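I opened a new notebook page for this chain. I wanted to look things up one at a time and write down what I found.

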Amino acid sequence: MTIREADIPPGSLIAQFAQAEGHYADCFATDGAAGLPEYIEAFYTQPLFQAERVVLRLAARAPSTDAEAAALARGAADRFAVWTVAGRTETELLMADASGRTMSWLSVAEGLAFGSVVVPVRDRRGRLTLGPVFHSLLGAHKVYSRALLAGAASRLRRRGSLRRSP
């Protein structure tokens, strides 16, 4: 399975952020087709993301369960751990964290895709900035994003829910 960095799809839920001044947005994609609910559940219940959930439970006091991930996947919940649904279509889910500074995006519109958005803040001089922490962690973020997408795709494949892209 190949995970590639891809262009932000025009008209997607994160396209507006990719074009906004000072914002960071990325997109990672792989081949394969699945329903959005299956992808959401596979993404948030995979082992790598379960490790992130432990960190969020301890550091942010934001526990989450596989049952809550399944409810989010079905559209029966609009919150999960530190995130709230910021947008949802038949093929996309956009989640914003409690601060509103970061967002996660899942899409099944053209293969499987995962992306992130980081919203800038103004520094003391009034300039938009993402901050030094963001810049120092960008390389690790890209590796982690690829691993999350690969993990979700593998989970879908093991469950028999990943089909060949049309």
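Which residues in α2 are buried? I found Leu36, Tyr39, Ile40, Ala42, Phe43, Tyr44 and Thr45 on that list. I took buried as under 20% relative accessible area, exposed as over 50%, and partly exposed as in between, with a 1.4 Å probe and protein chains only. Helix α2 covers residues 36-45, and seven of its 10 residues are buried, so it is largely enclosed by the rest of the structure.

**Ground rules**

I noted that this is a predicted model, where local features need pLDDT of at least 70, side-chain atom pairs count only at pLDDT 80 or more, and totals for chains, interfaces and linings use all residues. Residues are numbered from 1 along each chain as its sequence is written, and side-chain values use heavy atoms, with hydrogens and water left out.

**The whole chain**

I looked up the elements next. The chain has five helices and nine strands. Helices (H or I, at least four residues) and strands (E, at least two) are DSSP runs, numbered from the N terminus. Along the sequence I read the pattern β-α-β-α-α-α-β-β-β-β-β-β-β-α.

Then I checked the dimensions. The C-alpha trace spans about 55 × 35 × 25 Å along its principal axes. For 166 residues, a compact globule would have a radius of gyration near 15 Å, and the 16 Å of this chain agrees. That radius is taken over C-alpha atoms, and the globule rule is 2.2 Å times the number of residues to the power 0.38. Of the 166 residues, 44% count as buried.

I also looked at contacts, meaning heavy atoms within 4.5 Å. Among contacts with a separation of 6 or more, 60% come from residues 24 or more positions apart.

**The sheet**

What is the order of the strands in the open sheet? I read β1-β2-β7-β6-β5-β4-β3, seven strands with antiparallel pairing. Two strands pair if DSSP finds at least two bridges between them. β1 and β3 (79-80) stand at the edges with a single partner strand each, so one side of each has no neighbour in the sheet.

I followed β3 to its partner. Two bridges join β3 to β4 (residues 83-88), and the two run antiparallel. Phe80 stands opposite Trp83 in β4. Helix α2 packs on the sheet and touches β3, β4, β5 (92-97), β6 (102-107) and β7 (112-118). The direction of α2 makes about 130 degrees with that of β6. Axes here are lines fitted to C-alpha atoms, for helices over the stretch in contact, and angles run from 0 to 180 degrees between N-to-C directions.

Helix α5 lies across β1, β2 and β7. I noted that α5 runs at about 30 degrees to β2.

**Salt bridges**

How many salt bridges does a search of the whole structure find? The search gives four. The rule is a side-chain nitrogen of Lys or Arg within 4 Å of a carboxyl oxygen of Asp or Glu.

- Arg4 and Asp31 meet at 3.6 Å, N to O. Arg4 is in β1 (residues 4-5) and Asp31 is in the loop between β2 (24-30) and α2, so the pair ties together parts 27 residues apart in sequence. Arg4 is partly exposed at 36%, and Asp31 is exposed at 55%.
- Lys142 and Glu5 have their closest N and O atoms 3.5 Å apart. This pair links helix α5 with strand β1, 137 residues apart. Lys142 is partly exposed at 26%, as is Glu5 at 41%.
- Asp123 and Arg127 meet at 3.2 Å, N to O. Asp123 is partly exposed at 26%, and Arg127 is partly exposed at 46%.

**A charge without a partner**

I turned to Arg155 in helix α5 (residues 132-158). Arg155 is buried yet has no salt bridge. The nearest side chain of opposite charge, Asp66, is 5.3 Å away. Lys and Arg count as positive, Asp and Glu as negative, and His and the chain ends are not counted. Leaving out residues up to four places away in sequence, Arg155 touches Ala42, Thr45, Gln46 and Pro47. Ala42 and Thr45 are among the buried residues of α2.

**A last look**

Where is Glu90 found? I located Glu90 in the loop between β4 and β5. Glu90 is exposed at 76% relative accessibility. The C-alpha atoms of Glu90 and Arg127 are separated by 37 Å, and the two residues are 37 residues apart along the chain.
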